[in-house]
Amino acid sequence: MTTGLHRIRIVGGGEFSCGEDERVLLAMERCGSSDIGVGCRGGGCGICRVRVVGGDYTTGKMSVAKISETERAAGFVLACRVFPVSDLLIEVG
């Protein structure tokens with residue numbers, strides 16, 4: 001059961017809803033969208049790498065080989081490891 005639904009918008013793409021206890025990538029799949037690349041879903045492959053342009057979020061563990069600390073500070077994350085705390089605007093690519 002998802003809590004605190006938030007709107008996730010993709011720059012130049014679609015939008016979908018995501019609960020605070022749901023990973024953004026899994027919410028995208030649940031809603032039938034395909035704007036973000038899907039790989040291992042476990043934080044290791046880096047295919048779902050995105051940049052959060054706006055909004056607040058928390059993350060689970062991400063491979064530093066895929067997202068460095070510098071990149072993380074610039075808003076880059078793995079969508080399979082991001083949980084929204086507010087509405088998010090995400091850039092893919």
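This is a predicted model: local features need pLDDT of at least 70, side-chain atom pairs count only at pLDDT 80 or more; totals for chains, interfaces and linings use all residues.
Residues are numbered from 1 along each chain as its sequence is written, and side-chain values use heavy atoms, with hydrogens and water left out.

**Ile36 and its loop**
- Ile36 lies in the loop between H1 and E3. Helices (H or I, at least four residues) and strands (E, at least two) are DSSP runs, numbered from the N terminus.
- Ile36 counts as buried because its relative accessibility is 3%. Buried means under 20% relative accessible area, exposed over 50%, and partly exposed in between (1.4 Å probe, protein chains only).
- Leu25 is 11 residues from Ile36 in sequence. Their C-alpha atoms are 7.3 Å apart in space.

**Arg41**
- Arg41 sits in the loop between helix H1 (24-30) and strand E3 (49-54).
- The phi of Arg41 is near 65°, a positive value in a residue other than glycine.
- Most residues other than glycine have a negative phi.
- Arg41 is partly exposed, at 38% relative accessible area.

**Nonpolar core**
- The largest nonpolar core holds 22 residues, and Val24, Ile36 and Ile90 have the most contacts inside it. Such a core is a set of buried Ala, Val, Leu, Ile, Met, Phe, Trp, Tyr and Cys residues joined through side-chain atoms within 4.5 Å.
- At least two residues of this core come from each of strand E1 (6-10), strand E2 (15-18), H1, E3, strand E5 (76-78) and strand E7 (88-92).
- H1 gives the largest share of this core, four residues.
- Val24 contacts Ile8, Phe16, Cys18, Ile36, Ala79, Val82, Pro84, Leu88 and Ile90, leaving aside neighbours within four places in sequence.

**Sheet**
- Five strands form an open sheet in the order E2-E1-E7-E3-E5, with mixed pairing. Two strands pair if DSSP finds at least two bridges between them.
- E2 and E5 are the edge strands, each with a single partner, so one side of each has no neighbour in the sheet.
- From one strand to the next, the twist averages 40°. Axes are lines fitted to C-alpha atoms, for helices over the stretch in contact, and angles run from 0 to 180 degrees between N-to-C directions.
- E3 and E5 pair in the antiparallel sense, over three bridges.
- Phe76 in E5 is the bridge partner of Arg51.

Note on methods:
Contact means heavy atoms within 4.5 Å.
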